[in-house]
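Trainee: I'd like a close look at one single residue, and then how it sits in the rest of the chain. Could you walk me through it slowly?

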Amino acid sequence: MDLHEREGGAVPALNVVMLGPPGAGKGTQAERLAERRCLPRISTGDILREAVQAGSPLGSIAQKAMDAGRLVSDDVMIGIVRERLEREDARRGFILDGFPRTVDQATALDRMMDGRGALLVLDVVVPEDVLARRLATRRICGRCGANAAVHWTTACEKCGGSLVARVDAGAEIVRERLKVYLRQSKPLVDYYSARPTFRAIDGNQRADVVTAAVDAAISEAAAGGGVRL
Ligand code: AMP
């Protein structure tokens, strides 16, 4: 019997959504938070890139969307996330990175949260010119598809594969991705911002300073109840 069962299911879960445009550093923050709290980090971008590497039918849908800087359809994405959140390791909480990207995905997520506790929404905010610069120099591992951290030089620290430019790092695609973000995903901030569990985080600072701000936001939200520390 685990703590959750002993307390009759009373321990609130830490369910986090990391919002923010591509290049805001939310992936790094999501990974750090997941590690510290022993929760799964669920990155829909990583799930899609793995599908591309595996050459699965989902991979070919994802490849077309990514090559064009477009989003994969809501139906496909909602199905992927619903299935993932039903797994055992997500029962005590999760860190969602890259989902929801649209208001339709957000309303579907609210339905999935029924009976699972509060959703803490962290919006990582970075000015557009900084984002464009960061995105143009982004790399991934050519073998396992992991996003390269800034301090990785030539090899992937997860599997040792060599780093390559991301297919969506070209100037044109970068502009398109930011445009798609502004058009489709900014309404998410309007959707969530009135909630007591919404926090904006300044992402234009050193990564460890952002990490401290993320922790402070969680403590603050926990003080309001419903969120596990
Ligand atoms: P990311 O690594 O999160 O920037 O995602 C890379 C690409 O995967 C995006 O540009 C989209 O084409 C696709 N993608 C990832 N997550 C989603 C989502 N929630 N909805 C639609 N498309 C997504």
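Trainee: Does Asp123 count as buried or exposed, and at what relative accessibility?

Mentor: Asp123 counts as buried, because its relative accessibility is 7%. For that word, buried means under 20% relative accessible area, exposed means over 50%, and partly exposed is in between, using a 1.4 Å probe and protein chains only.

Before we go on, a word on what you're looking at. This is a predicted model, where local features need pLDDT of at least 70, side-chain atom pairs count only at pLDDT 80 or more, and totals for chains, interfaces and linings use all residues. Residues are numbered from 1 along each chain as its sequence is written, and side-chain values use heavy atoms, with hydrogens and water left out.

Back to Asp123. You'll find Asp123 in strand 4, which covers residues 119–125. (Helices are DSSP runs of H or I with at least four residues, strands are runs of E with at least two, and both are numbered from the N terminus.) Set aside the neighbours within four places in sequence, and Asp123 is in contact with Leu19, Gly20, Tyr181, Val189, Phe198, Arg199, Ala200 and Ile201. Contact here means heavy atoms within 4.5 Å.

Leu14 has a relative accessible area of 1%, so Leu14 is buried. Follow the chain 18 residues from Leu14 and you reach Arg32, with the two C-alpha atoms separated by 14 Å.

Now try helix 3, residues 44–54, where Ala51 lies. Ala51 counts as buried because its relative accessibility is 8%. Beyond four places in sequence, Ala51 is in contact with Ser56, Leu58 and Gly59. Between Ala51 and Ile78 there are 16 Å from C-alpha to C-alpha, and they are 27 residues apart in sequence.

Most residues other than glycine have a negative phi, and most peptide bonds are trans. Cys38 isn't a glycine, yet has a positive phi of about 55°. Cys38 lies in the loop between helix 2 (26–37) and strand 2 (41–43), and counts as exposed because its relative accessibility is 70%. Look for Pro100 in the loop that links strand 3 (93–97) with helix 6 (103–112).

Zoom out, and the protein chain has nine helices and seven strands. Of its 229 residues, 45% count as buried. Take the contacts between residues at least 6 apart in sequence: 70% of them join residues at least 24 apart. Along its principal axes, the C-alpha trace spans about 50 × 35 × 35 Å.

The protein chain averages 87, and 91% of the residues score at least 70. Residues 1–10 are the stretch to be careful with, as pLDDT stays under 50 there.

Notes:
pLDDT = per-residue confidence, 0-100.
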